Amino acid sequence: MKHKKMKHKRHKLAKERKNVSGEPRELITKRYSMYLERFQAVGFLNPLQIHLIAGTFAHIPTSHLLGEDHNDWWNYYQMGVDFGTLFPCRIGLSINKIKQSIQNRGITTETIAVQNFKEATPSGTDFNSLDSSTIFYTKPKDIIEVSNEPIIILSEFEQSNRVIDGNHRVDDAKRNSLTEISAFVITNQFLLDNDCFDTPYDKDIFKVHVMYYEAYKKYRDSNS
């Protein structure tokens, strides 16, 4: 039953994709073979998952991965992912869509201890070594006047939490020895349910990103 479900999902995604990038079919086929070989080396992915990941990346235009089709990065959070270092890339999350969805759904704020914020990025991090209260933020290169608006935290995969809006506010709180900061905490499913992505390509990459790490967690838990 589970195999049938995965097979149906694979066919559905393939049907939705078609060739929306407008790139030559030969190029897409070549990229598919390359990614297929690359992800076949991952021990915890099953064949259907490998095909889904390879098929997704094969249909992502190179211009998108290089950021050539984005003109206003400041409206988006660039979520760094790396698929276990096999495919480092960025996923564009629309901050405007996220804020609107938070408002529409009536999400309430949480109070977060400032000491829980760590200057780093989840990409390449050993999740097993983290405390569940750790929240990653990116230290800004400049200092600006900040607002009292709640920050936004994306909570992923048990112990991986990252600030996707409000790095300046976190930095300001640390520099001024504040003890608490107000935040909206959202999940992977929230992003998917509300389509909070820059482009459909970003959503496609995010879906296989979630699938990859859920497969890893299942493998890890079964071997612990």
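Modeller: Helices in this discussion are DSSP runs of H or I with at least four residues, numbered from the N terminus. The model itself is predicted.

Biologist: Which residues of helix H6 are buried?

Modeller: H6 spans residues 167-175, and its buried residues are Asn 167, Arg 169, Val 170, Asp 171, Asp 172 and Ala 173.

Biologist: What do the buried residues of H6 pack against?

Modeller: They pack against five elements, listed here in order: strand E4 (117-119), strand E5 (135-137), strand E6 (151-156), strand E7 (160-165) and strand E8 (180-187).

Biologist: Changing topic, how many residues are in the largest nonpolar core?

Modeller: That core has 43 residues, and Phe 39, Phe 57, Phe 83, Leu 93 and Ile 98 have the most contacts inside it. Helix H8 (residues 200-222) gives the most to this core, contributing 9 residues. Another core, of 12 residues, lies apart from it and includes Phe 117, Ile 135, Ile 153 and Val 170.

Biologist: And what is Leu 93 in contact with, leaving aside neighbours within four places in sequence?

Modeller: Among the contacts of Leu 93 are Tyr 76, Met 79, Ile 98, Leu 154, Ile 164, Cys 196 and Phe 197.

Biologist: Is Cys 196 buried or exposed?

Modeller: Cys 196 has a relative accessible area of 0%, so it is buried. Cys 89 also counts as buried, because its relative accessibility is 11% and the cut-off is under 20%.

Biologist: How many disulfides does the structure hold?

Modeller: The structure holds 0 disulfides.

Definitions and conventions:
Residues are numbered from 1 along each chain as its sequence is written. This is a predicted model: local features need pLDDT of at least 70, side-chain atom pairs count only at pLDDT 80 or more; totals for chains, interfaces and linings use all residues. Side-chain values use heavy atoms; hydrogens and water are left out. A nonpolar core is a set of buried Ala, Val, Leu, Ile, Met, Phe, Trp, Tyr and Cys residues joined through side-chain atoms within 4.5 Å. Buried means under 20% relative accessible area, exposed over 50%, partly exposed in between (1.4 Å probe, protein chains only). Helices (H or I, at least four residues) and strands (E, at least two) are DSSP runs, numbered from the N terminus. Contact means heavy atoms within 4.5 Å. A disulfide is a pair of cysteine sulfur atoms within 2.5 Å.
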